[in-house]
Amino acid sequence: MLLLIVDVETTGTNPQCDRVLELGAILYSVPEQTTVAQVSTLIPSFDNPVESINGIVPSATQRVGQTYAAALGLFEVYLAQADYLVAHNADFDRQWFGKAPLPNSPKHWLCTAKDFVWPRVRRKKVSLSSLALSYGISGIIRHRALADCQIIAAVFDRVHPLENFVQQAIERCLCPQPGNSVAEV
């Protein structure tokens with residue numbers, strides 16, 4: 001099974017008027033419990049009203065030229081190979097897919113904040129930084145897309161047996177309990 005761990009950084013929280021500034025993704029093999037490939041790119045933007053939160057300087061996004069198109073093409077290759085998409089707070093990330101420049105996908109999403117029951121975490125919903133710390137991962141870079149994906153991958157590296165753990169999350173996602181919803185695009 002291959003998971004595509006994804007994260008986006010945006011100019012705000014409303015996909016109707018805000019834009020994606022950065023995409024990060026890791027293609028992760030569950031049986032081998034390892035990262036297979038990863039991609040990250042800034043996406044050109046002339047402004048970033050939330051620069052103080054994500055640290056993405058608009059002028060830096062202008063430096064990517066056409067390389068972001070190549071990165072998005074690589075992302076689509078990973079997307080085609082993946083069995084599931086994974087994100088922390090997947091409801092947020094999922095809403096940006098299918099809006100330019102991100103492709104749409106009919107694949108199911110798994111949320112590391114809601115669909116997984118983490119053995120080392122006592123709360124039902126956990127922040128990504130708290131999850132990382134509970135698995136001994138420190139030196140966290142916040143609010144950058146690939147860094148957040150790498151945190152999830154590093155946590156997956158520490159969960160044994162990962163295949164059973166992911167299967168339980170899939171079952172929770174596909175057979176939701178009252179108050180939960182199936183996370184799909």
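Author: Rings of Phe, Tyr and Trp (its six-membered ring) pair if their centres lie within 6.5 Å; planes under 30 degrees apart count as stacked, over 60 as edge-to-face and the rest as tilted. A word on the basis: this is a predicted model, in which local features need pLDDT of at least 70 and side-chain atom pairs count only at pLDDT 80 or more, while totals for chains, interfaces and linings use all residues. Residues are numbered from 1 along each chain as its sequence is written, and side-chain values use heavy atoms, with hydrogens and water left out.

Reader: How many aromatic pairs does the structure hold?

Author: There are 10 aromatic pairs. One of them, Phe116 with Phe156, is tilted, at 5.7 Å centre to centre and 45° between the planes. Phe116 lies in the loop between strand S5 (109–111) and helix H5 (128–134), and Phe156 in helix H6 (residues 145–158), so the pair ties together parts that are 40 residues apart in sequence. Helices (H or I, at least four residues) and strands (E, at least two) are DSSP runs, numbered from the N terminus.

Reader: Is Phe156 buried or exposed?

Author: Buried means under 20% relative accessible area, exposed over 50%, and partly exposed in between (1.4 Å probe, protein chains only). Phe156, at 0%, is buried, and Phe116 is buried at 2%. Phe156 also forms a stacked pair with Trp118, at 6.3 Å and 25°. Trp118 is itself buried, at 5%.

Reader: Which residues have the most contacts inside the largest nonpolar core?

Author: A nonpolar core is a set of buried Ala, Val, Leu, Ile, Met, Phe, Trp, Tyr and Cys residues joined through side-chain atoms within 4.5 Å. Here the largest has 32 residues, and those with the most contacts inside it are Leu3, Ile5, Leu110, Trp118 and Phe156. Helix H6 supplies the largest share, 8 residues.

Reader: Which residues lie nearest the centre of the largest pocket?

Author: Rolling a probe the size of a water molecule over the atoms shows where empty space is left. On a 1 Å grid over the protein atoms alone, a pocket is an open set of points where a 1.4 Å probe fits, with protein on both sides within 12 Å along at least five of seven lines; lining residues have an atom within 4 Å of a point. The largest pocket is lined by 24 residues, with Asp7, Glu9, Asn89, His143 and Asp148 nearest its centre. Strand S1 gives the most to this lining, 4 residues.
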